[in-house]
Amino acid sequence: MRNTTLCYIEKNGAYLMMLRNKKKVDENAGKWIGVGGKFEEGESPEECVCREVKEETGLILTDYQFRGVLTFVSDEWGTEYMHLFTATGFEDPKHDATEYAHFENMPVPDCEEGELRWILKEKIEDLNLWEGDRPFLKLLAEDAPFFTMRLQYEGDRLVKSDSKVYE
């Protein structure tokens, strides 16, 4: 059973999204996802998300929130517990904060795992997403409190999903 994190970093009405297009073997190949990765031994979800975001983007999270736990069950890739975060604050050691003042000019970090791009939140639905990402992105957009969600896949096809929102 894998434990991973996924973070949707928000600035100026956009999320920093990654097109997974650089690794030879990648269950997310061709899909747009947030930023994150696998836990290292002994890490908490918060430690993992901060480390993964820094490794993949160079950004240092300063304001983030644990939003939910997603259970992915796949006939091809096994089972994964994904710890979902959103972030609205970060430091960028390579760029001045003023460079983030307007959506059109925001810097895009380089990443070894895929192509990063700031995507306006209202355009996220137009991307090639995992089918099961749409319901939890909707919960994020509604600013739902903490939630759990179970997503069952056969190949790339979502065959079952259920969720519980905790008030």
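**Labels and their cut-offs**

Mentor: By the rule used here, the count comes to 12 salt bridges. This is a predicted model, where local features need pLDDT of at least 70, side-chain atom pairs count only at pLDDT 80 or more, and totals for chains, interfaces and linings use all residues. Residues are numbered from 1 along each chain as its sequence is written, and side-chain values use heavy atoms, with hydrogens and water left out.

Trainee: What makes Lys121 and Glu10 a salt bridge?

Mentor: The rule asks for a side-chain nitrogen of Lys or Arg within 4 Å of a carboxyl oxygen of Asp or Glu. For Lys121 and Glu10 the N to O value is 2.9 Å. The pair therefore meets the rule. In general, side chains of opposite charge can pair when their charged atoms come close.

Trainee: Where do Lys121 and Glu10 lie in the chain?

Mentor: They are 111 residues apart and link distant parts of the chain. Lys121 is in the loop between strand 7 (115-120) and helix 2, and Glu10 is in strand 1 (residues 2-11). Helices (H or I, at least four residues) and strands (E, at least two) are DSSP runs, numbered from the N terminus.

Trainee: Why is Lys121 called partly exposed?

Mentor: Buried means under 20% relative accessible area, exposed over 50%, and partly exposed in between (1.4 Å probe, protein chains only). Lys121 has 34%, so it counts as partly exposed. Glu10, at 24%, is partly exposed too.

Trainee: How do you know that Arg51 forms a salt bridge with Glu55?

Mentor: Their closest N and O atoms are 3.2 Å apart. Both residues lie in helix 1 (residues 45-57), 4 residues apart, about one turn of the helix. An α-helix has 3.6 residues a turn, so residues three or four places apart point the same way. Arg51 and Glu55 also belong to a network of salt bridges with Glu40, Glu43 and Glu52.

Trainee: Is Arg51 buried or exposed?

Mentor: Buried: its relative accessibility is 17%.

Trainee: What makes Lys138 exposed?

Mentor: Its relative accessibility is 53%, so it counts as exposed. Lys138 forms a salt bridge with Glu142, with 3.0 Å between the closest N and O atoms. Glu142 has 47% and counts as partly exposed.

Trainee: Which residues of helix 2 are buried?

Mentor: In helix 2 (residues 133-141), they are Asp133, Phe136, Leu137, Leu139 and Leu140. They cover an arc of only 155° around the axis, which puts them on the same side of helix 2. That arc is taken from the directions from the helix axis to the C-beta atoms. Lys138 and Ala141 are exposed residues on the face turned away from the buried side.

Trainee: Why is Phe136 called buried?

Mentor: Its relative accessible area is 0%, so Phe136 is buried. Leaving aside neighbours within four places in sequence, Phe136 is in contact (heavy atoms within 4.5 Å) with residues including Leu6, Tyr8, Leu70 and Met149.

Trainee: What has the most contacts inside the largest nonpolar core?

Mentor: Tyr8, Met17 and Phe136 do, in a core of 26 residues. Such a core is a set of buried Ala, Val, Leu, Ile, Met, Phe, Trp, Tyr and Cys residues joined through side-chain atoms within 4.5 Å. A second, separate core of 18 residues includes Val35, Phe90, Met106 and Leu116.
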